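The sequence and structure come first.

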Amino acid sequence: EYVASFGLAQLSLKLADKSLSIAEKTTKFFKVDVKDGSMLGQTYSRLRKTRRALRAVKRAGERKSYLEKDPVARAGVIGTVASMISVNSLLGMVGLKLVADKKHVTVAEETPEGDEQHRQISDLKGDLA
């Protein structure tokens with residue numbers, strides 16, 4: 001998990017998953033029956049197991065890297081850029097600090113005037129008789 005949390009490792013895991021995906025699709029093209037015990041069937045099942053394990057390692061690395069990130073870097077693209085160029089270090093010299101803040105926006109659902117007439121799917125279909 002630790003090694004998989006690095007960006008380069010994530011990129012290589014993504015590349016390996018893509019190449020295994022292509023190999024799996026190619027093997028599946030030959031109409032493989034996994035239960036017959038043939039070499040092609042065993043290869044197909046091993047490819048699927050390897051891809052599943054690879055995706056599990058990749059997700060674990062993503063979770064670890066997300067938890068270790070600076071809260072400012074988790075705030076979005078601008079936060080990531082600000083964290084990369086160490087904006088907080090520069091602001092710290094003058095006594096300021098950049099802090100990630102989550103705003104909770106509540107959206108009230110309003111229906112425009114005159115839109116009350118179409119509430120059911122049958123209303124929208126019209127009379128087809």
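**Contacts of Ala4**

Leaving aside residues up to four places away in sequence, Ala4 touches Ala9, Gln10, Leu13, Val57 and Gly61; contact means heavy atoms within 4.5 Å. This is a predicted model, in which local features need pLDDT of at least 70 and side-chain atom pairs pLDDT 80 or more, while totals for chains, interfaces and linings use all residues. Residues are numbered from 1 along each chain as its sequence is written, and side-chain values use heavy atoms, with hydrogens and water left out.

**Nonpolar core**

Ala4 also belongs to the largest nonpolar core, together with Leu13, Leu20, Leu47 and Leu54. Such a core is a set of buried Ala, Val, Leu, Ile, Met, Phe, Trp, Tyr and Cys residues joined through side-chain atoms within 4.5 Å. Buried means under 20% relative accessible area, exposed over 50%, and partly exposed in between (1.4 Å probe, protein chains only).

**Salt bridges**

There are three salt bridges, each a side-chain nitrogen of Lys or Arg within 4 Å of a carboxyl oxygen of Asp or Glu. Arg51 pairs with Asp17, with closest N and O atoms 3.0 Å apart. This pair joins helix α2 to helix α1 across 34 residues.

Arg51 also pairs with Glu24, at 2.9 Å between the closest N and O atoms. Both Arg51 and Glu24 are buried. Through shared partners, Asp17, Glu24, Arg48 and Arg51 form one network. Arg48 counts as partly exposed because its relative accessible area is 36%.

Methods
Helix = DSSP H or I, 4+ residues; strand = E, 2+ residues; numbered from the N terminus.
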